[in-house]
Amino acid sequence: MQRVNLSTVSEFVFVGLSDAPEIRLLLFVLFLLIYLATVAGNITLLVAISTDSHLHSPMYFFLSNLSLLDLFCPTITVPKMLAALLLESREISFAGCLFQHFSLIAVVGTEIFLLTVMAYDRYVAVCHPLRYPSVVSAKLCARLAAGAWAAGLFNSLLHTSLVFTLSFCGPNKIQQYYCDIPPVLALSCSPTRGRELVILLVAGVLGSSACVVTVVSYIYILREILARDSPGIWHKAFSTCGSHLTVVCLFYGTTICTYARPSFTYSPHQDRVVSMLYGMLTPLLNPVIYSLRNKEVKCALSRVISRVRSAL
């Protein structure tokens, strides 16, 4: 029997978005502007929430956590992608890939749980407005936010251990611009079917649980609106829940298309587009959605801008 000498992969190489120099420069400028706009938008929202006393409420406490996650999400992947576009530096060490994978899955998982917590917050605000201050207390908000972060980290630790304890001894080209689960699994020379099933099972249980809580919260909100049938109730409910519902649909739609399916359906070109939606555009749009659809946030942002202008 002939022995085959298999060497362990020590680094991975990302597949570039384009090999044409002029296209690479155009993409670099485009993604840099999107990244800078994302950072500016989320930092502005964080500053507005932290400095304006009108926004010191549970809803905006959770929104500040969401903005923090939207800062982390593109920061984990975009700088490396920009370096690959400008400097053609496409290599990443095994440890660097592991850390990037862990960080990104932690942020994505935490955001799913946080959006679920925000759905419960909106349910209490609409269905039990008189009890809202006592039910959603500052202590409960801190526990719910801490629980969302802890669940996201635990979920990421489980997924990362399942993926990166596999053997990688052959091809090392990742068909993506960051270390994601499907393209990394595709490079393993170990059997992956069992771990794929565990990953899908864990993601399915946690994701479906979060989705069920969100859907049930909005069913109760809809029932409450229909039961009251008072003038202006639809407008008030939409102004209270519209921003969150828009963000939930945008985030869940893109993440489900990326992760809630087996790896044999993986399509590199299609998945790059989908991953850019939740990895770059969703963090960019979240502060815009909350700013445009929320009168209190718009007023707070105008006060922040006025203070900045006065200081200048």
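Tutor: The model is predicted. Helix α3 covers residues 94-127. Start with its length. The 34 residues of α3 should span 50 Å at 1.5 Å a residue. The C-alpha atoms at its ends are 50 Å apart, so the two values agree. Next, its surroundings. Of those 34 residues, 27 are buried, so α3 is largely enclosed by the rest of the structure.

H101 sits in this helix. Its relative accessibility is 1%. The cut-off for buried is under 20%, so H101 counts as buried. What does H101 touch, leaving aside neighbours within four places in sequence? Its contacts are S156, H159, T160, V163, F164, C179, D180 and I181.

Now the surface. L25, V29, L33, L86 and L87 make a nonpolar patch of about 490 Å². Helices α1 (21-51) and α2 (58-87) each supply at least two residues of this patch. The most come from α1, which gives 3. L86 belongs to α2. With a relative accessible area of 45%, L86 is partly exposed.

Last, I305. This residue lies in helix α10, residues 295-311. I305 is partly exposed, at 42% relative accessible area. Along the chain, I305 and A48 are 257 residues apart. Their C-alpha atoms are separated by 9.3 Å.

Key
Residues are numbered from 1 along each chain as its sequence is written. This is a predicted model: local features need pLDDT of at least 70, side-chain atom pairs count only at pLDDT 80 or more; totals for chains, interfaces and linings use all residues. Side-chain values use heavy atoms; hydrogens and water are left out. Helices (H or I, at least four residues) and strands (E, at least two) are DSSP runs, numbered from the N terminus. Buried means under 20% relative accessible area, exposed over 50%, partly exposed in between (1.4 Å probe, protein chains only). Contact means heavy atoms within 4.5 Å. The expected span of a helix is 1.5 Å times one less than its number of residues. Patches are made of residues with over 30% relative accessible area and no salt bridge: like charges are joined within 9 Å, nonpolar side chains (Val, Leu, Ile, Met, Phe, Trp, Tyr) within 5 Å. Accessible areas come from the Shrake-Rupley method with a 1.4 Å probe; for residues, only the protein chains shown count as cover. A salt bridge is a side-chain nitrogen of Lys or Arg within 4 Å of a carboxyl oxygen of Asp or Glu.
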